[in-house]
Amino acid sequence: TQIIKLYAERQIKSLISLVNASSKLSFLLLLLISAPLMTETEYILKLWLVQVPAWAVAFCQLSIINNWVSIIFRPIVYAIHATGNAKRISLINGTIYILVLPLSYVFLKYGASPEVPFILNIVLLFIGHALFSMLTLKHYIREYPILSFFRTAVIPSVIISVASFIPSYFIKLTLDQSFSRFVVNSICTSLIVLITGWMIMLKKDERVSAITLIRSKLH
């Protein structure tokens, strides 16, 4: 990939910019697709299954959140692999993820909600990446600015995610569950993601790159 090429050429500054931009753009694209699904999960499952099983809505929504956490840190993992030192991070994060099984067993044994294993997976996934993946990358690429990544990618991602669900809350209060509400909800949620993402998360050069990418796909 381009990240590996930049590391091999020791273009560290360009590598850092690419990792950060990839994290932000990947998250925004996934959020753009999944936010409408998140807000109307029950309606979509009813169309598909008619009778929605208990906990199915919560399980689907938690799985979407899990993907959000995973995708924003994925370029960090790619950068670690580019250094040729994937063993350390695989061992540490693999051990953390395995803990989901025994912890879930303990919680469920003592009457915890069926959602708990999903929540544990999200929490441990975030800890694994936010702490160990970031520190590992910093160990191999000293120039990498960890705090800058959280300030420009992670925190804005949280803000945009929360903002995208505000109109959905009011739409659900005023409209009954229907296809029309699904369409209205999807349009409003997508617009919020696009506007806030463009204004809050992307830098000027990243906006240019995004426009160039969209134009190339359209052509």
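1. Arginine 10 sits in the loop between α1 (2-8) and α2, where helices (H or I, at least four residues) are DSSP runs numbered from the N terminus. The phi of arginine 10 is near 60°, a positive value in a residue other than glycine. Most residues other than glycine have a negative phi. This is a predicted model, in which local features need pLDDT of at least 70, side-chain atom pairs count only at pLDDT 80 or more, and totals for chains, interfaces and linings use all residues. Residues are numbered from 1 along each chain as its sequence is written, and side-chain values use heavy atoms, with hydrogens and water left out.

2. On to the helix after that loop. Helix α2 (residues 12-39) has 28 residues and reaches 40 Å from its first C-alpha to its last, close to the expected 40 Å (1.5 Å times one less than the number of residues). A kink of about 35° lies at isoleucine 33 in α2, shortly before proline 36; the bend is the angle between axes fitted to the seven residues ending there and the seven starting there.

3. Have a look at α2 beside helix α8 (residues 146-174): their axes come within 11 Å and cross at roughly 15°. Axes here are lines fitted to C-alpha atoms, for helices over the stretch in contact, with angles from 0 to 180 degrees between N-to-C directions. The two helices are therefore roughly parallel (angles under 35 degrees). Residues of α2 that meet α8 include Phe27, Leu28 and Leu31, and among their partners in α8 are Ile160 and Phe165 (contact means heavy atoms within 4.5 Å). The residues of this contact divide into nine nonpolar, eight polar and two charged.

4. Thr41, Glu42 and Leu45 in α3 meet Ala56, Val57, Cys60 and Gln61 in α4. By class, that contact has four nonpolar, two polar and one charged residues.

5. The loop between α3 and α4 holds valine 50. Valine 50 has a positive phi of about 70° although it is not a glycine.

6. Finally, α4 itself. With 27 residues, α4 reaches 38 Å from its first C-alpha to its last, close to the 39 Å expected. A kink of about 40° lies at phenylalanine 73, shortly before proline 75. Glycine 84, which follows α4, has a positive phi near 80°.

Key:
Ala, Val, Leu, Ile, Met, Phe, Trp, Tyr, Cys and Pro count as nonpolar, Asp, Glu, Lys and Arg as charged, and the others, Gly among them, as polar. Angles under 35 degrees count as roughly parallel, over 145 as roughly antiparallel, 65 to 115 as roughly perpendicular and the rest as oblique.
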